[in-house]
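Welcome to a short tour.

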Amino acid sequence: MNTAEIRTQTPLWTRRQLLQTAVGGSVAVATLYPVLASTQESPKYGGILNATHRGDPPSLSIHEEATISTVWPAMPCYNNLVLFDPLKPQESADTIIGELAESWEWQDEGRSLVFHLRRGVKWHDGKPFTSRDVQYTFDLVREAPGMTARLRVNPRKLWYENVERIDTPDAWTAIFRLQRPQPSLLVLLASGYSPIYPAHVPPSVLRTRCVGTGPFRFKEYRRGEVLELERNPDYFIEGRPYLDGIRYLMIKDRATRTAALQARQVDIAFPGETTKTIAETLRRSNPELVIIETSQNVNDNILINFTRSPFDNPELRLAINLAIDRKAYVQAVHQGGALPGAAMLPRPYGVWGLPEEEVAKLPGYGDPRAQKEEARQILGKLGYGPRNPLRVTMSTRAIAIYVDFASFVIDQLKQVGIEATLEQVETGVWHPKVTRKEYELAANLTGIGPDDPDANFFENYKCGSPRNYPGYCNPEVDAFILEQSQLSDVSKRRQLVHAIDKRLQEESARPIMGWRIDYFTMWPQVKNLVPHQSIYNYGRMQEVWLAT
Amino acid sequence: MSDTSSLTRPSRLPTAIPQAAKERRRRRWLRQLKRFFQRKPLGATGGLIVLLLVLTAIGAEWLATHDPTRTHATQTLRPPGAAFWLGTDHLGRDIYSRIVYGARVSLAVGLGSTLLGAIVGGMVGLWSGYLGGRTDLITQRFLDMMQALPLLVLALVMSAALGPAIHNAILAISIPLIPRAARVIRSSTLSIREMAYIEAARAIGVPQLRIVFRHVLPNTLGPFIVLATAQLGSAILVEASLSFLGLGIPEPYPSWGRMLSVSAAEYAQKAPWLVIFPGVAISLSVFGFNLLGDALRDVLDPKLRLQ
């Protein structure tokens, strides 16, 4: 497949897509009305926001983790150079606002991104913030030559592989010099996953406490109980934050967390944890609760180990891909609280997702009987059948949402003659296990920071990426990934992204089961907390206030 | 003719005698059963529940109306009805069929772990009690340490270490049962070894191994049966608890404990049948085994029998 072919395959906006977007936008406005309306009220100062947390985060170092468990409670401690406007639910390049950067500009035909930094900003320990901190942070993440400090785990190193160097001509200017133009760099920098770290604090210290420039500073952390943040009195934005502090209560069991919310012990739910069924129950039991339906930018996917026989056979991977009925998956596992889609977040929440009619043509989305029959035929051709079934181990995390997902997939595979046994793996072992490719099939969840192809493709599909767990590698697709990254014309880029996405699904790179919908819940006294289409980017809490 | 009759007569006699003996045995057994029902109606009820459980486990293939692991996307959280007698769970799986197959898992784990724990514990108790002295002292202190931890806690630790699998669950539950079985058998052995017939056996030079297995062991079988029956209920309950905590039988095999687990708790308000029926199944089986165990204790205990 060449670039010319790719570009002619998908029309930009069909009438149906426009209609879908319009309907989606209307739904978003209608559901977000209570939240948006709160921006009209005059904010009040004071009060502690009680938030739930699903358990202790693996650490508080955002750059070393790839989980909302860390981003959500640590984000209020830090600032980015730029951030998605916390009050706008739909993130895009147009909703990016400055944080530590007052302004920015592209130079050298898109090969240099210049940030003009705020002056007078202080770290929580009183030291001044300068461009040296910006340089240190991204040299640390991209593991620049000469850096002595190292991150224990570095999940997003590839986000910044295009950065050649970072120049700091003075204390308030930082220039990202790029090997090739990358318009999406700004979007990556606006994610909750891109905080600025202090150059004078070793990364190991930031695992157990946070030292940032953010609106809240670290107060106390009692493992298994509570993480407390308090208002930063020296915050560089005058009059912010409104809250005196935030308490993240550690409650491991989801039913208990929901009960705590119902009993008003907490003000807000944990992002991504309120399912459709829980939301329906809450609507009945506490009609005054504000429930906002939005996406999470998290997909459920099957990891097929490309490096292990017989899964190195593309036909076998296609059979597995065909066997799993995606519509049934969305209905059974999520009770309808998910969207079918491909590698990019689908519409109406996502900007880059494949159109519905294209998704319908992908393996696993068609007539389930016909596709299962096709899968059986492929397996038969490969020598598997009722007398000689393919026996595999399906690994997953020992968490209810993963186990339900895996149970469904095991049943679907059984229907085409693949007998899978479930292996439940503890959370602490999960990521090292899949990174080392010590599995055959795995039921996995993938969260993507910002809704942008660069964030997704480089991290999850590019040859050699540590987070490319299946070991999928196609140099041709890699070339297209690099090409789309350089395009500044959004419509051309979208076409190329769609073609790459289709290719990834057809090659069963990481079969997507569905995209989770969140029913973010809070009590009406919580104001200015606006959920975005990605759960990873709206935890700053700078604008949040309590009406009581 | 006479020759023929004389030839057939002796051949008839040997078959006629065992048949009469069989009939007598059957009648005696029925009488005893009737007496057991009359004297121990609760124990008999327990026995019937256990019998029902065993039959359900054996005939799961015929009794189940659906494949217990088959998901039905359009039938999720259906209330009890004609198509799904006890409703469906959040993945659209038939709860009745899962309970039927779950009986097999519960019984396998309950029986397996109880037998393993009781046999190993019994052997330890038998030798410890018979040999006495320093062997008994050291063994008992070791069993003290094991018994200091409650059954569920020890099973949890074992299960977490071994990982979720049916054989691991059996092993994890059987180990905490060892000291309990050892204690009961040891106490019986201590009194039996002082009996005159044991002394006589020793005096005529019967080897120790023969004394233990031929003369001591058969006399400890009464308490052994009572113990095993009583522990079966606990074992089923512990299996349910382990599965509830995600450490017992792994999905998608149906286990009553797992059926009550996290997802069911989440949907319980919307679909209470998700927790009611597996809960009833667990309660009934534990109740049945406990009633039967109590009745067997009364029947097999010589002191209680005299009263």
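## First stop: a helix pair in chain A

H15(A) and H16(A) cross in a left-handed way, where left-handed means that the near helix is turned anticlockwise from the far one by less than a right angle, and right-handed that it is turned clockwise. Before going on, note that this is a predicted model, in which local features need pLDDT of at least 70, side-chain atom pairs count only at pLDDT 80 or more, and totals for chains, interfaces and linings use all residues. Residues are numbered from 1 along each chain as its sequence is written, chains are lettered from A and ligands numbered from 1 in the order in which they are written, and side-chain values use heavy atoms, with hydrogens and water left out.

Select residues 475–486 of chain A for helix H15 and residues 490–506 for helix H16: their axes are 10 Å apart and pack at an angle of about 155 degrees. Helices (H or I, at least four residues) and strands (E, at least two) are DSSP runs, numbered from the N terminus. Axes are lines fitted to C-alpha atoms, for helices over the stretch in contact, and angles run from 0 to 180 degrees between N-to-C directions. The angle therefore makes H15(A) roughly antiparallel to H16(A); the classes are roughly parallel under 35 degrees, roughly antiparallel over 145, roughly perpendicular from 65 to 115, and oblique for the rest.

Now show side chains. Among the H15(A) residues that meet H16(A) are Val477(A), Phe480(A) and Ile481(A), and the H16(A) side includes Leu496(A), Val497(A) and Ile500(A). Contact means heavy atoms within 4.5 Å. By class, this contact has seven nonpolar, one polar and four charged residues (Ala, Val, Leu, Ile, Met, Phe, Trp, Tyr, Cys and Pro count as nonpolar, Asp, Glu, Lys and Arg as charged, and the others, Gly among them, as polar).

## Second stop: the two domains of chain A

Colour 3–242 + 523–546 as domain 1 and 295–517 as domain 2; these bounds come from an automatic or database domain assignment. Their C-alpha centres lie 28 Å apart. At the boundary, 37 residues of domain 1 are in contact with 41 residues of domain 2. About 3400 Å² is buried between them, with carbon and sulfur atoms giving 55%; buried area is the accessible area (1.4 Å probe) that two parts lose on being put together, summed over both.

Most residues other than glycine have a negative phi, and most peptide bonds are trans. Select Ser309(A) and Pro310(A): the peptide bond between them is cis, with omega near 5 degrees. Pro310(A) sits in the loop between strand S11 (290–304) and helix H8 (314–323). Next, go to Arg347(A) and Pro348(A), whose peptide bond is cis, with omega near 5 degrees. Then try Lys437(A), which is not a glycine but has a positive phi of about 60 degrees.

## Last stop: chain B

Which helix packs with H8 of chain B? Select residues 196–203 and 208–244: helices H8 and H9 of chain B pack at about 175 degrees, with axes 11 Å apart. H8(B) is therefore roughly antiparallel to H9(B). Finish at H5 (residues 133–148) and H7 (residues 166–192) of chain B, whose axes come within 9 Å and cross at roughly 135 degrees. That angle makes H5(B) oblique to H7(B).
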